[in-house]
Amino acid sequence: MTNSCNHPKHWLADWPKPTRQSHKYSRGVALIYGATSMTGAARLSALACARAGAGATTIACAESVWPIYATTLLSIMVRACRDWNDALACLDSKPRAVLIGPGQDATAQTRQQVLALLQQPIPALVLDAGAISAFSEQSIVLFEAIQNSHTQVVLTPHEGEFARLFPDLAVGDLSKSQRSVMAAQRSGASVVLKGNDTVIAHPTGLWMQQLESSPYLATAGSGDVLAGIITGLLAQGMPTFQALCAAVWMHSQAGQALGVGLIAEDLIAILPQIGRQLLTYEYEPQ
């Protein structure tokens, strides 16, 4: 895969497709940690994760907000947790991908939760929003934990969150692709630096840029949907870099298809249409 404009020809061969023998657990198990205040974020992520193809998606949340999640999510399993040890026990379901951060506050508690997850045998861990900002001015702690982990870690910052983890890379004359690659190599995580020209970077130096986008994606909850799509594709076993490229492309295509007036919920609803496009897409393998 060469460094270039993001396009299905680079990753479509790895895009997951169920077979007649598939069942919900073989299609991919995903776990999302739900916040206690901004509950809408994790709900958007969970629905996007399922729409991206994950067969079994679970939200783990505090008992106090279980009714909010459980009564508004019909196709998502919701588990009430007494404390963080109980929340960690949700990993017994052997999720292939875990997402933490949407709607969460950037607190010491969130920081400790992320560090605890990095010590678990999780194939893929997506850190978004509060799970990124919680390491502001303590980025070295996160990077060391990532590098000492066997987990494939994904960071999904917008420019503000990126500056909190990589303040020296947020200034100067470096291109967005250069900054993203340097951030991935420094942290040991794959980086999705969001914006109207999102860059996907891998610690090996691979990078891809999404040049086709929609200004209408600049709306609350859009990033939570993207994090959910990423988690859903990773849960199905798609290789990390290819999954990130596919998720960003699907998100962008949804934004372009909807245009004026879109809100985050609309992105989730149109994902099946984007998926059908990929099923019939004609391409030449690279």
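These are my notebook entries on a few places I looked up in a predicted model.

**Ground rules.** I number residues from 1 along each chain as its sequence is written, and I leave hydrogens and water out, using heavy atoms for side-chain values. Because the model is predicted, local features need pLDDT of at least 70 and side-chain atom pairs count only at pLDDT 80 or more, while totals for chains, interfaces and linings use all residues.

**Entry: two helices.** I looked up helix α9 (residues 222–235) and helix α11 (residues 264–279), which pack at an angle of about 30° with their axes 8 Å apart. I take helices (H or I, at least four residues) and strands (E, at least two) as DSSP runs, numbered from the N terminus. Axes are lines fitted to C-alpha atoms, for helices over the stretch in contact, and angles run from 0 to 180 degrees between N-to-C directions. I therefore note α9 and α11 as roughly parallel to each other (angles under 35 degrees; over 145 is roughly antiparallel, 65 to 115 roughly perpendicular, the rest oblique). The crossing of α9 past α11 is right-handed, that is, the near helix is turned clockwise from the far one by less than a right angle.

Which residues in α9 and α11 meet? From α9 I list Ser 222, Val 225 and Ile 229, and from α11 Ala 264, Leu 267, Ile 268 and Leu 271. The residues of this contact divide into 6 nonpolar, 1 polar and no charged. Here Ala, Val, Leu, Ile, Met, Phe, Trp, Tyr, Cys and Pro count as nonpolar, Asp, Glu, Lys and Arg as charged, and the others, Gly among them, as polar.

**Entry: the loop between β10 and α9.** I found Gly 221 in the loop between β10 (207–209) and α9. Gly 221 counts as buried because its relative accessibility is 14% (buried is under 20% relative accessible area, exposed over 50%, partly exposed in between, with a 1.4 Å probe and protein chains only). Not counting residues up to four places away in sequence, Gly 221 touches Leu 44 and Ala 264 (contact means heavy atoms within 4.5 Å). I also noted Leu 267, which is 46 residues from Gly 221 along the chain, with 9.7 Å between their C-alpha atoms.

Gln 210 lies in the loop between β10 and α9 as well. I record Gln 210 as buried, at 3% relative accessibility. The side chains of Gln 210 and Ser 252 make a polar contact at 3.5 Å. A polar contact is a pair of N or O atoms within 3.5 Å; within protein, one must be able to donate a hydrogen and the other to accept it, and residues adjacent in sequence count only if both atoms are side-chain atoms. Leaving aside neighbours within four places in sequence, the residues in contact with Gln 210 include Asn 6, Asp 197 and Trp 249.

**Entry: Arg 43.** I placed Arg 43 in helix α1 (residues 39–51). The side chain of Arg 43 has a polar contact of 2.8 Å with that of Thr 39. Beyond four places in sequence, Arg 43 is in contact with Ile 59, Ile 68, Tyr 69, Thr 72 and Leu 73.

**Entry: positive phi.** Where did I find Lys 94? Lys 94 sits in the loop between α3 (84–88) and β5 (97–100). Its phi is near 60°, a positive value in a residue other than glycine, and Lys 94 is exposed at 64% relative accessible area.
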